[in-house]
Amino acid sequence: MAIMFRQETFRDDFTYRNSPANIHRFPFPFDRDEYAYSVNIEPHVPGRKGTIYESLIDVDEHYVAEMADRALVLKEDPLRYQALPHMMQAQWDVLELLMEQQAAGYPEHFSLTRNGDRWRWINRPLGIDDTFTFGARETLPYEPLEYIGRQTQGDLCIVDQRDNNLWMDAGLVTTQADWSLDFDVGMNFMEWHGPVPLAHGMGIFDRALKFLLNLQLGQPVRRFNWTMTVNPRLDTSPENYHKWGRDRTTVTPVNVGRKVHLRVELQTLWRLPRSNAMLFVIRCYLMSMEELVTVPKWARRFHRVLKTLPQELVDYKGMTRYRDTTVEWLSRHDDGAPTSPGI
Ligand code: HEM
């Protein structure tokens, strides 16, 4: 069924909202009343109709507006896209994967036709109909990763695998939770995870890296991460901290329901066929507290998760200024009933 794309903004007047159907498919990530870091990796396999797993690369009602926001970010700051020269083959791998997945999942919106190396790509929501030669950079208006990244929801990192490590050697990152591709480019797995509290001491990154080095072609995996954002702003980058940092001081008991958003990242990892590099997709979903409490079991659980969150995580995730106001507001939606494990 064709998706009805919303006209909305992620800045200035912040008109972003979720339709009731989109709230229903929101990836609420908590399966218990407390949250702790873990190696929460599982196979990325297709799921039920009407869920975000229906297609392995999810496209939803925010697609067109998100792509417009990405174009604005790139116009203001071209360094949100970077690729080291040895990543060109991996870029083509990514272009192929994302075209194939989007065309397979949403044939009414995207189509890919191949005639040898001559490929035709049609993206109806964005009004694109391009024919190009696979492998020939000059036949596309941008480098392959930037080209397809401007047409795919979620941030994209390509990590190279060598010396028993992963290296962040290319990316298109405009919807990040306060980290910078420009800063991290060329770093390895342990280096770019350096600022994360608690997890290093728990051995989480050692285990995760070991697992990822053995990721197999055709067997993608996924995990969730989450944080919170004041206003439905996609671009919460360090580069633009001066634009959004002070928003954290504006939350009051009156506006918290509308302003404070749960930000969930569906992260998927894919081995790439020719380059043996890996694609890391960070797909961001935003939901206001007002929207969240329309599902009573989520309201109950999120109140408890936020209330018991270790202070190190509260500080790292940047919630220190408004966590208590949010917990207080959510407490009105928690009747104290026991919850069951699972979502
Ligand atoms: C945070 C990238 C895989 C766990 C981060 C950050 C980046 C990142 C850039 C932000 C660090 C900062 O504060 O500057 C990546 C990439 C991955 C990857 C490119 C794949 C190649 C994983 C995996 C795990 C993991 C497999 C599994 C345990 C975490 C955790 C955080 C984090 C727990 C902290 C998030 C928070 O509390 O908000 N990652 N990551 N990452 N990453 Fe990864």
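Lys-317 sits over the face of Trp-226, 4.6 Å from the ring centre. Here a charge is over a ring if NZ of Lys or CZ of Arg is within 6 Å of the ring centre and within 35 degrees of the ring normal. The model is predicted: local features need pLDDT of at least 70, side-chain atom pairs count only at pLDDT 80 or more, and totals for chains, interfaces and linings use all residues. Residues are numbered from 1 along each chain as its sequence is written, and side-chain values use heavy atoms, with hydrogens and water left out.

**Charges over rings and aromatic pairs**

- Arg-222 lies over the face of Tyr-53, at 3.9 Å from the ring centre.
- Trp-226 also belongs to a cluster linked by ring pairs, together with Phe-26, Phe-28, Phe-30, Tyr-35, Tyr-37, Tyr-285, Trp-298 and Phe-302.
- The whole structure holds 22 aromatic pairs. Rings of Phe, Tyr and Trp (its six-membered ring) pair if their centres lie within 6.5 Å; planes under 30 degrees apart are stacked, over 60 edge-to-face, and the rest tilted.
- Phe-30 and Phe-302 form a stacked pair, 5.6 Å centre to centre with 25 degrees between the planes.
- Phe-30 is in the loop between H1 and strand S1 (42-43), and Phe-302 is in helix H11 (residues 296-307), so this pair ties together parts 272 residues apart in sequence. Helices (H or I, at least four residues) and strands (E, at least two) are DSSP runs, numbered from the N terminus.
- Phe-30 is buried at 2% relative accessibility, and Phe-302 is buried at 0%. Buried means under 20% relative accessible area, exposed over 50%, and partly exposed in between (1.4 Å probe, protein chains only).
- The rings of Trp-92 and Phe-134 have centres 5.1 Å apart and planes at 65 degrees, so the pair is edge-to-face.
- Trp-92 lies in helix H3 (residues 88-105) and Phe-134 in the loop between strand S5 (128-133) and helix H4 (144-149), so the pair joins parts 42 residues apart in sequence.
- Trp-92 is buried at 5%, and Phe-134 is buried at 13%.

**Salt bridges**

- The count comes to 27 salt bridges. Each is a side-chain nitrogen of Lys or Arg within 4 Å of a carboxyl oxygen of Asp or Glu.
- Glu-76 and Arg-11 meet in a salt bridge at 3.7 Å, N to O. This pair links distant parts of the chain: Glu-76 is in helix H2 (residues 63-76), Arg-11 is in the segment before helix H1 (20-24), and they are 65 residues apart.
- Glu-76 is partly exposed at 48% relative accessible area, whereas Arg-11 is buried at 16%.
- Glu-146 and Arg-150 form a salt bridge at 2.9 Å, N to O. Glu-146 is buried at 12%, and Arg-150 is buried at 19%.
- Arg-162 and Asp-169 form a salt bridge at 2.9 Å, N to O. Arg-162 is partly exposed at 32%, but Asp-169 is buried at 0%.
- A network of salt bridges links Asp-93, Glu-96, Glu-100, Arg-114 and Arg-274.

**Iron site and largest pocket**

- The ligand's iron atom has a single donor from the protein, His-193 (NE2), 2.0 Å away. Donors are N, O and S atoms within 2.8 Å of the metal (3.2 Å for Na, K and Ca); water is not among the atoms, so sites may look incomplete.
- His-193 lies in the loop between helix H6 (189-192) and helix H7 (204-213).
- The largest pocket has a volume of about 1,100 Å³. A pocket is an open set of points on a 1 Å grid over the protein atoms alone, where a 1.4 Å probe fits, with protein on both sides within 12 Å along at least five of seven lines; lining residues have an atom within 4 Å of a point. The volume is the space filled by probe spheres set on the points, which are joined across faces, edges and corners.
- The lining has 48 residues, and the closest to the pocket centre are Trp-179, His-193, Val-196, Asn-225 and Tyr-316.
- Elements giving two or more residues to the lining include strand S6 (155-162), helix H5 (181-184) and strand S8 (221-230). S8 gives the largest share, seven residues.

**Positive phi**

- Phe-14 is not a glycine, yet its phi is positive, about 45 degrees. Phe-14 is in the segment before H1 and is buried at 12%.
- Asp-178 also has a positive phi, near 60 degrees. Asp-178 is in the loop between S7 and H5 and is partly exposed at 36%.
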